[in-house]
Amino acid sequence: MIPVASFQPFKITALSLILGGLIGCNSLVQSRMGVTHIGDIKQNWQNYSTVYLKGNVENKAPFLGTGAYLLRDDTGSIWIVSEQPLPSPGDEIILKGQVTYQSIPIAGQELGEVYLKELEQLQRNSP
């Protein structure tokens, strides 16, 4: 029979690894996927198809069967169309989305808008 005291170092090491993994998860997720700045998408949307964004929810607009929310980072804001339950204003989101452009020609001028279709919400933190 092995004494219980001999398992203590294993318990401490395992607990340290688990806690370290949870704390470092946010930065690991961001560094692996390459978070894109919203301002970059707005200026050069043709260069992007699928992106990862991180920002704070400013507003939301529920629709029947779907909805949208306005996500802002330090470089700008963009509407995210989602079929999932909408986050609340103030929530911090990390998501994967598809860059989309809606053309709106009016009187010979292009007044279109770039937005994202949410593919996956990777992380949501409420304030």
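Aromatic pairing was examined first, with rings of Phe, Tyr and Trp (its six-membered ring) taken to pair if their centres lie within 6.5 Å, and with planes under 30 degrees apart counted as stacked, over 60 as edge-to-face and the rest as tilted; by this rule the count comes to 1 aromatic pair. The ring centres of W45 and Y101 lie 4.5 Å apart and the ring planes meet at 5°, so this pair is stacked. The pair links distant parts of the chain, 56 residues apart, since W45 is in the loop between α2 (38-43) and β1 while Y101 is in strand β4 (residues 92-102); here helices (H or I, at least four residues) and strands (E, at least two) are DSSP runs, numbered from the N terminus. With buried meaning under 20% relative accessible area, exposed over 50% and partly exposed in between (1.4 Å probe, protein chains only), W45 is partly exposed at 27%, and Y101 is likewise partly exposed, with a relative accessibility of 27%.

The model is a predicted one, in which local features need pLDDT of at least 70 and side-chain atom pairs count only at pLDDT 80 or more, whereas totals for chains, interfaces and linings use all residues. Residues are numbered from 1 along each chain as its sequence is written, and side-chain values use heavy atoms, with hydrogens and water left out.

A nonpolar core is defined as a set of buried Ala, Val, Leu, Ile, Met, Phe, Trp, Tyr and Cys residues joined through side-chain atoms within 4.5 Å. The largest such core has 15 residues, and those with the most contacts inside it are L53, Y69, L71, I78, I80, L95 and L116. At least two residues of this core are supplied by each of α2, β1, β2, β3 (76-82), β4 and β7 (113-125). When neighbours within four places in sequence are left aside, L71 is in contact (heavy atoms within 4.5 Å) with residues including I38, L53, I78, I80, I93 and L95.

T36, located in the loop between α1 (8-33) and α2, is buried, with a relative accessibility of 13%. Beyond its neighbours within four places in sequence, T36 is in contact with I41, Y48, V51, Y52, L53 and D73.
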